[in-house]
Amino acid sequence: MNTDAETVPKPAPPAATTDFIKAVRARVGEVVVGQEDVVERLLISLFTGGHLLLQGVPGLAKTLLVSVLSKSIDLSFSRVQFTVDLLPSDILGSEILDPRTNTFHTRKGPIFTNLLLADEINRAAPKVQSALLEAMQERRVTIGSETFELPAPFLVIATQNPIEQSGTFELPEAQLDRFMLCHRLSYPTPDEEREVLRRNTRLGVRRQERGAVAKSEFDVLSHEPVGTISDLVNAMEAVHEVHVSDTFTDHVVELVNRSRNHPALELGCSPRAGIALVKASRARALIHCRNYVTPEDLYCLAEDVILHRVRLNYEALADGMTGPKVLRELLGPFGDNLRHTTRNGTAAHGRVS
Amino acid sequence: MNKQMGLKSIVLAVVASFCFGTAPAQPAESRTRVSVGMIGKLDQVLIPGGELEAQPTSDPLAKIVVRVAETFRHGDAFRYNLEFTGMEPGRYDLTKSLKRKKPDEPTANMAPIEVEVISALPEGKIEPSKPNAPMIPGWMLYWTKLDVLVVVWIIGLALIWGKSKTTSKVAAQAELPPQTLGQHLKPLVQAACDGTIKPNQRAELESLLIQYWTSKLELANDIAPGLILTTLKNHAEAGPLILQMEGWLHMPVGEGMKNSADLATLLKPYDSISESPTMPSIPGKGQA
């Protein structure tokens, strides 16, 4: 049995990087209970520079999570609540006339930050979504006649409420594709929920001038970062040192191709999806202190990378097919022949006695 | 200009007189002789005496029906346009179907107006003849042609269907891919144990082994895809194989090579895997 002869051995992840990751996770864990997967996806996005879309009902600590993450790594953080009357200039910035000097000067918008939380992105009009997504892609913004580079690192974490859809503008597939990951948040487990309540009861009140306000989780955020931007940059570099075997690449290519040929899918994955799968898998491997990616990374990230990039056709929807069901089929047996049998709906998932 | 107009009018008058003026008058005999069921007309028949009208009849089997179409005064007498329809062949006197409008005036002094209703059929024949036999041969008839076409179409369809069925059967027999997980897995495991597996088959082998254990432990529908491999790695039987495969296929060179002999040992039982769609457990291994 031979392995890839051309592959150069790579060192294990740097200890400093693994320590940094552990420290960040621990800091986040001090404030946010559970949501390990979301924290992992946030770190993956941060380490790869890919943007993250979070889908979940309100009250799942999305804002708190992003806030604590930014404070843990000493990153600037802005939050924009998207509404239907929001204008592109409200995010990007605009030129303002200074009446004293009679000249225009540029007022930069909240997009000039390291972490931007675009809350309920689907509530804004398409032109605002386009402006943001364009900035996400190009990482530069033009205000008036001047072009400004966005700070590095720059990461957009957008949220969408999957339930309340009236008065929203659904992001088109082309724009969804710009998000490297789309993670669907779930409710905490009963144990986690119990811990949330326990911590909340201990918060107390905060005195403010002559009055007092009830403390929230934001009040207990430690302002001392556990890492620096330099640590983050090291981690980003370490991601690129993670080994990707040819076999893993074959798995990714097969998965992406299957999505393009699956009978239930009207729209399959773009090449960007394959790139995102490899990038995210490398970051996940690093987070799990590995210097090589494995199919486990692929299986864990497939849902977040693929599901928002594919679209079920009418027949599949009428048959009650769902995205996760299709994903299970996509992750089914490898190989052309079995793939065909899967397509015909036979023998693909034969049970073992 | 006027000369030309005059010439034109003369030519038109000549043509008109040729067309209309020279038509021969209908002979009196033809006017009084009609076929059964046809309407005969007698115009301007002068009948002395008071005004006449048709005698009403309620007999549905009346042999002749007479109608006074128009009446004109002619001094003390009247002129009539008469119409009649004969229902049976024979000679009839139309005056018998007429009566005075004033009932006190007699009709006996009227001269008879005789008409003849003739039959178009030969003597004694009361039904029309059947149409002549067709001039075209029987096989050229529409329905015959249609029947032939239907038969040919059905035969053609049957031939095409039979041929396509045979062809697809032959093609399926010739290129029938392995259908079961076992049929796929076996040659790959053999090649992996022999060290002859191609680089592009390694991913397939790994995927099939993951699928094998996923099916065996019935994980496919129970847990999220992200947890499948974690579960398999923690499984007593599947774990060592999955981890060994990972080391062999995904670790950088030098880290994954060292245990390749152990992998061959681990893969050996899968060599005798069943090829049936529902694979039994691996020989020598316990049921999961």
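Reader: Which residues of H7(B) are called buried?

Author: They are B:Ala238, B:Gly239, B:Leu241, B:Ile242, B:Gln244, B:Met245, B:Glu246, B:Gly247, B:Trp248, B:Leu249 and B:His250. Buried means under 20% relative accessible area, exposed over 50%, and partly exposed in between (1.4 Å probe, protein chains only). Because 11 of the 13 residues of H7(B) are buried, the helix is largely enclosed by the rest of the structure. This is a predicted model, in which local features need pLDDT of at least 70, side-chain atom pairs count only at pLDDT 80 or more, and totals for chains, interfaces and linings use all residues. Residues are numbered from 1 along each chain as its sequence is written, and side-chain values use heavy atoms, without hydrogens and water.

Reader: What is the span of helix H7 of chain B, and what span is expected?

Author: Helix H7 (residues 238–250) reaches 17 Å from its first C-alpha to its last, close to the 18 Å expected at 1.5 Å a residue. The expected span is 1.5 Å times one less than the number of residues.

Reader: How confident is the predictor in chain B, by mean pLDDT?

Author: On the scale of pLDDT, the predictor's confidence in each residue from 0 to 100, the mean of chain B is 76. Over residues 276–288 of chain B, pLDDT stays under 50. Where pLDDT is low, the predicted coordinates should not be read in detail.

How values were computed. Chains are lettered from A and ligands numbered from 1 in the order in which they are written. Contact means heavy atoms within 4.5 Å. Helices (H or I, at least four residues) and strands (E, at least two) are DSSP runs, numbered from the N terminus.
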